[in-house]
Amino acid sequence: MRPGKVLFFLFFTIFPAMLWAYGFTLAGFHLVSVGYMPEDSDTPIALTEGSVSARFIPTSWVNIRGGVSFLLPDTADFFKPDADTATPGMLLFDNASINFRLPSSIPAGVTVFTGSLDDPSSDSLLREWLKCSMEEPEFHSLPAALAFSSENVISGTGLEIALVPGNANCVTGMYGYWNSRTGSDAIYTGDARVAATSDLWRANAFAGLSVQPSDTEVTFRGALTAVLSAGSGNELYFSAGLGNSEFGDSRLGRNLYLVFEPRLYWDNADLALSFFSSPVFPGNDLSYVPEDAESNYLGGNLLAGFGNLETLGMRGGISLLGSINPEDPGSVTPFSFSVTPFYTMMVSDFKLTVSSAIKPLLLGDPGTAIVICCSLKAVY
């Protein structure tokens with residue numbers, strides 16, 4: 001094995017533990033490996049993707065963060081002794097940012113960033129400023145439905161201003177950034193966000209506009225996400241959004257996505273029934289580039305979980321996904337039907353999840369019929 005590969009491996013196994021020695025803390029760690037059979041091949045491969053980020057807080061009003069990621073298209077082949085034929089890996093810069101908490105009567109902060117900063121449709125403002133969360137549908141993180149998880153990213157070089165106005169249950173965020181390119185390739189984007197919470201609900205909404213100097217068309221996007229909570233602890237999740245689109249686009253509906261999900265909770269069991277309409281987002285699927293469609297997929301997902309991560313340290317379950325392409329409802333696609341058993345356990349501050357998506361209607365094509373996924377993620 002080449003020395004470079006040894007260093008590559010040690011960096012992502014030892015580096016998180018070294019952070020504390022230099023006054024840093026781990027801000028994020030996620031490692032996921034997906035095993036599948038590629039097209040026109042009789043040998044399965046495992047694709048591995050990971051990211052790690054660190055945080056340094058020299059004073060109470062300054063927060064510095066930075067992160068990197070890596071990708072191994074063929075994990076086993078990467079560690080082959082023969083370096084000339086082994087599949088190379090990629091080490092990528094992810095992000096760097098510095099946040100200043102302003103000393104004022106109204107809680108406020110300014111962040112200067114480069115790289116990938118945030119998902120404006122997520123609950124990040126709620127978690128950072130109001131100390132509450134709004135969990136996304138769990139089936140989106142399982143291998144059968146990764147391609148239905150929407151792509152909303154704030155990435156580039158720019159500035160964020162966030163503050164909690166007079167109402168302590170509400171926080172707003174303003175973002176201005178460009179895609180780190182110059183001239184006609186530069187795309188300038190502005191996003192506005194608002195998040196709020198009460199005893200019965202939590203919500204996040206955002207809207208953004210992008211313009212490219214060489215193009216007269218302005219594109220826009222936006223989303224609204226809300227969770228309604230009952231006194232019993234049960235929840236109703238709702239999310240609706242529009243992907244990046246041009247004004248006057250005749251295919252505007254192609255970029256719309258919608259998720260409606262009731263969630264029921266018991267002591268050591270839970271049940272979520274999801275209904276969705278969504279286009280395919282190929283960039284979110286690690287195992288293959290999924291089949292696209294001219295219209296959104298319509299589908300549903302039933303997820304039953306048994307166990308409790310907080311009290312028992314483990315949880316297992318099964319997810320049943322079914323969907324159709326309205327333009328061709330009789331066709332069989334990678335999303336027509338799947339069964340995904342999963343098992344999750346807590347290992348210190350890390351959540352380890354093993355899952356396998358089995359698609360009975362595609363058993364003649366092993367590359368899309370069976371996908372095995374192992375994920376390790378830091379949880380705070």
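Buried means under 20% relative accessible area. In this predicted model, Cys170 has 15% relative accessibility, so Cys170 counts as buried. Cys132, with a relative accessible area of 18%, is buried because that value too falls under 20%.

Turn next to the aromatic residues. The structure holds 10 aromatic pairs. One of them joins Phe29 and Phe350. Their ring centres lie 5.7 Å apart and their planes stand at 90 degrees, so the pair is edge-to-face. Phe29 belongs to strand β1 (residues 25–36), and Phe350 belongs to strand β17 (residues 350–358). The pair therefore ties together parts that are 321 residues apart in sequence. Phe29 is buried, at 11% relative accessible area. Phe350 has 24% relative accessibility and counts as partly exposed.

Aromatic residues also gather elsewhere. Phe139, Phe148, Phe276, Tyr297 and Phe335 make up one aromatic cluster.

Now look at the surface. Which residues form a nonpolar patch there? They are Phe260, Leu273, Phe275, Leu302, Ile318, Leu320, Val332, Phe337 and Leu361. Together they have about 730 Å² of accessible area. Strands β13 (269–278) and β15 (314–324) are the elements that give two or more residues to this patch. Phe260, one of the patch residues, lies in strand β12 (residues 256–265). Its relative accessible area is 35%, so Phe260 is partly exposed.

Methods
Residues numbered from 1 in each chain as written. Predicted model: local features only at pLDDT ≥ 70, side-chain atom pairs only at ≥ 80, totals over all residues. Heavy atoms only, no water. Buried < 20%, exposed > 50% of the residue type's maximum accessible area, 1.4 Å probe, protein only. Patch = residues over 30% accessible without salt bridge, like charges linked within 9 Å, V, L, I, M, F, W, Y side chains within 5 Å. Areas by Shrake-Rupley, 256 points an atom, 1.4 Å probe, with all protein chains shown as cover. Salt bridge = Lys/Arg side-chain N within 4 Å of Asp/Glu carboxyl O. Helix = DSSP H or I, 4+ residues; strand = E, 2+ residues; numbered from the N terminus. Phe/Tyr/Trp six-rings, centres within 6.5 Å; stacked < 30°, edge-to-face > 60°.
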